[in-house]
Amino acid sequence: MSVNRHALDVLEFGKVLEGVAARALSELGRDRVLTLTPSLRLGLAQAELQRVEETAAFLHRHSNWNAPEIPDARGALARLGMDGSVLEPQELFSVGLLLSSGRRLRDVLSEASAELPSLVSIREGLYREQRTEKAIGKTVDQDGTVLDSASPELGRIRGRLKRLHVRVVRALEKLISTLPERIVVPDGSVTIRDGRYVIPVRREGRGEVGGAVLDESATGATLFVEPPVALEMMAELRELQREEGREVLRILREKTDELRPHLLLLEASQESLVAFDSLYARALSALSW
């Protein structure tokens, strides 16, 4: 026997769910609430009400407690399930957040196990692996940037890149100071065009500076030229950037390979966080009502 959909529509059950779903911490939690339907089995309904009641009582007693963020790491986990795949930095961060939130919630549920006995299945589904969590925190940030601390080699390469950037700018600033005043653009300085260092000069000074023209002003009176000295240094800079790219890929591949054996545990943790979010929304609604 199934739930009478017409009866639910008459009762505006969908609108009730929308109100409850609005209290969830995440889109995944909201979606989970919106899929709920009344149970036709008394035992199941009583068990679920017990979980909501325990959660509501816990939230009432610990009103200052802040629930952890509920991440959506499903894309990252799906990629982990593909042999030979490499997580993108943002995906790796989402797995790190999954581990962090899972650890925080598991610790709370463990400490409050006497208050929340019905949430044992959620607690046991949360994966706690702090070593991996910390390693990811040293590797990527929330913007998807691979950090210098991801490996000693990456830090070394980026240090060389920074020093080389400074050398290029100083060399071009020195070149500008030696140019005849008639071809120098007032207040002109070293700029970047298409990732290359250029200096602005008047069009008539093109031959004296040499190098390659990469851009010009709207009027055409000013040219942005990459001088020969910059061309030589840019070859070294490009090689360092290729080294950086290879090291970033190596790091991401290494972290992905370390996570892959734990895929099932990570998927269970994602599910447990969403299940808790659904309970959290229903418990808040119960307290409000």
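Q: Is Phe-276 buried or exposed in this model?
A: Phe-276 counts as buried, because its relative accessibility is 2% and the cut-off for buried is under 20%. Keep in mind that this is a predicted model.

Q: Which aromatic pair does Phe-276 form with Tyr-280, and what is the geometry?
A: Phe-276 and Tyr-280 make a tilted pair, with 6.1 Å centre to centre and 40° between the planes.

Q: Where do Phe-276 and Tyr-280 lie?
A: Both are in helix α12, 4 residues apart, which is about one turn of the helix. Tyr-280 is buried, as is Phe-276.

Q: How many aromatic pairs are there in total?
A: The count comes to 3 aromatic pairs.

Q: Why is the pair of Trp-65 and Phe-276 called edge-to-face?
A: The planes of Trp-65 and Phe-276 stand at 80°, so the pair is edge-to-face; the cut-off for that class is over 60 degrees. The ring centres are 6.1 Å apart.

Q: Which parts of the chain does that pair link?
A: Distant ones: Trp-65 is in the loop between α4 (42-61) and α5 (74-80), while Phe-276 is in helix α12 (residues 263-288). The two residues are 211 residues apart.

Q: Which residues do the ring pairs link into a cluster?
A: The cluster consists of Phe-58, Trp-65, Phe-276 and Tyr-280.

Q: Switching to the sheet. What is the strand order?
A: The order is β1-β2-β4-β3, in an open sheet of 4 strands with antiparallel pairing. At the edges are β1 (191-193) and β3 (212-216), each pairing on one side only. From one strand to the next, the twist averages 50°.

Q: Which helix packs on the sheet?
A: Helix α11 (residues 228-259) does, touching β2 (196-202) and β4. The direction of α11 makes about 165° with that of β2.

Q: How many bridges join β3 to β4?
A: There are 4 bridges between β3 and strand β4 (residues 222-226), and the two run antiparallel. Asp-215 is opposite Phe-224 in β4, and Val-213 is opposite Val-225.

Q: And how do β2 and β4 pair?
A: They pair in the antiparallel sense, again over 4 bridges. Ile-199 has Val-225 of β4 as its bridge partner.

Q: What about the hairpin of β3 and β4, which residue takes a positive phi there?
A: Gly-220 does, with phi near 85°; the hairpin has 5 residues between the strands.

Q: How many residues of β4 are buried?
A: 5 of its 5 residues are buried. Thr-222, Phe-224 and Glu-226 are on one side, with Leu-223 and Val-225 on the other, so both faces are covered.

Q: What lies over the face of Phe-224?
A: Arg-193 does, at 4.1 Å from the ring centre.

Q: On to the cores. In the largest nonpolar core, which residues touch the most other members?
A: Leu-259 and Leu-266 do, in a core of 44 residues. Helices α4, α5, α6 (89-111), α11 and α12 each supply at least two residues. The largest share, 9 residues, comes from α12.

Q: What does Leu-266 touch?
A: Not counting residues up to four places away in sequence, Leu-266 touches Leu-77, Leu-80, Val-95, Leu-98, Leu-99, Tyr-127 and Leu-259.

Q: What does the second core include?
A: That separate core has 20 residues, including Leu-164, Tyr-197, Val-225 and Met-233.

Definitions and conventions
Residues numbered from 1 in each chain as written. Predicted model: local features only at pLDDT ≥ 70, side-chain atom pairs only at ≥ 80, totals over all residues. Heavy atoms only, no water. Phe/Tyr/Trp six-rings, centres within 6.5 Å; stacked < 30°, edge-to-face > 60°. Buried < 20%, exposed > 50% of the residue type's maximum accessible area, 1.4 Å probe, protein only. Lys NZ or Arg CZ within 6 Å of the ring centre and 35° of its normal. Pairing = 2+ DSSP bridges. Axes fitted to C-alpha atoms, helices over the stretch in contact; angles between N-to-C directions. Contact = heavy atoms within 4.5 Å. Core = buried A, V, L, I, M, F, W, Y, C linked by side-chain atoms within 4.5 Å.
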